[in-house]
Amino acid sequence: MKDPRFRDDRMSSIASVSERIIREVMIERGVKKPEARKIVAREMSVAPGSLDNLQRGRLVHVERLVDRINAYLVRRIEKKIAQLEGELATARLAYRRAGEIDVLRAETALIEARKALGK
């Protein structure tokens, strides 16, 4: 028989992960907690009541939810990484252009300075 403390630890661990995801969705979408919980449950393909029961420690079969929550977390992280990579590429391009503009300005100023000196 499994140690009940292991089940409690696993439940509290996965409950904290799901709670973090729900808080992130609240912030991202500007909704209240019940709506965020519904959104997360729908995107994970589970009943919203399952997430409620998980938070309250009343979920009987935690293992059925663990894989879905972890898979959903991985998808969210991959999506964030893709968004950040896009932002990074845009920022690098803008930085290069800004650098090129600065170089052009410096060259123009150098040419004008040489003209002013008669060289």
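In what order do the elements of the protein chain run from the N terminus on? They run α-α-α-α, and the chain has four helices and zero strands.

A word on the ground rules before the tour. This is a predicted model, in which local features need pLDDT of at least 70 and side-chain atom pairs count only at pLDDT 80 or more, while totals for chains, interfaces and linings use all residues. Residues are numbered from 1 along each chain as its sequence is written, and side-chain values use heavy atoms, with hydrogens and water left out.

## Overall form

Along the principal axes, the C-alpha atoms fill a box of roughly 90 × 30 × 20 Å.

Buried residues make up 23% of the 119 residues; buried means under 20% relative accessible area, exposed over 50%, and partly exposed in between (1.4 Å probe, protein chains only). Of the contacts with a separation of 6 or more, 53% come from residues 24 or more positions apart, where contact means heavy atoms within 4.5 Å.

In soluble globular proteins, nonpolar side chains tend to be buried together. Here the largest nonpolar core has 22 residues, and those with the most contacts inside it are Ile21, Val40, Leu51, Leu54 and Ile69. Helix 1, helix 2, helix 3 (48–56) and helix 4 each supply at least two residues of this core, and helix 1 gives the most, with seven residues. Such a core is a set of buried Ala, Val, Leu, Ile, Met, Phe, Trp, Tyr and Cys residues joined through side-chain atoms within 4.5 Å.

Ile69 shows who meets whom: leaving aside neighbours within four places in sequence, Ile69 is in contact with Ile14, Val17, Ser18, Ile21, Met44, Leu51 and Leu54.

## Salt bridges

Side chains of opposite charge can pair when their charged atoms come close. The structure holds seven salt bridges, each a side-chain nitrogen of Lys or Arg within 4 Å of a carboxyl oxygen of Asp or Glu. Three of them are listed below.

| Salt bridge | N to O distance |
|---|---|
| Glu19 and Lys33 | 2.6 Å |
| Glu24 and Lys80 | 3.0 Å |
| Arg76 and Glu28 | 2.7 Å |

The pair of Glu19 and Lys33 links distant parts of the chain, with Glu19 in helix 1 (residues 4–29) and Lys33 in helix 2 (residues 33–44), 14 residues apart. Glu19 counts as buried at 13% relative accessibility, whereas Lys33 is partly exposed at 31%.

Glu24 lies in helix 1 and Lys80 in helix 4 (residues 62–117), so their bridge ties together parts that are 56 residues apart in sequence. Lys80 is partly exposed, with 31% relative accessibility. The bridge of Arg76 and Glu28 likewise links helix 4 to helix 1, across 48 residues. Arg76 is buried, with a relative accessible area of 11%, and Glu28 is partly exposed at 48%.

Arg20, Glu24, Glu28, Arg76 and Lys80 are linked in a network of salt bridges. Within it, the side chain of Glu24 also makes a polar contact with the side chain of Arg76 (3.0 Å). A polar contact is a pair of N or O atoms within 3.5 Å; within protein, one must be able to donate a hydrogen and the other to accept it, and residues adjacent in sequence count only if both atoms are side-chain atoms.

At 1.5 Å a residue, the 12 residues of helix 2 should span 16 Å, and its end C-alpha atoms are 16 Å apart, which agrees. The expected span is 1.5 Å times one less than the number of residues. In this helix, Ala36, Arg37, Ile39, Val40, Ala41 and Met44 are buried.

Most residues other than glycine have a negative phi. Just after helix 2, however, Ser45 takes a positive phi of about 65°. Ser45 sits in the loop between helix 2 and helix 3 and is exposed, with a relative accessible area of 53%.
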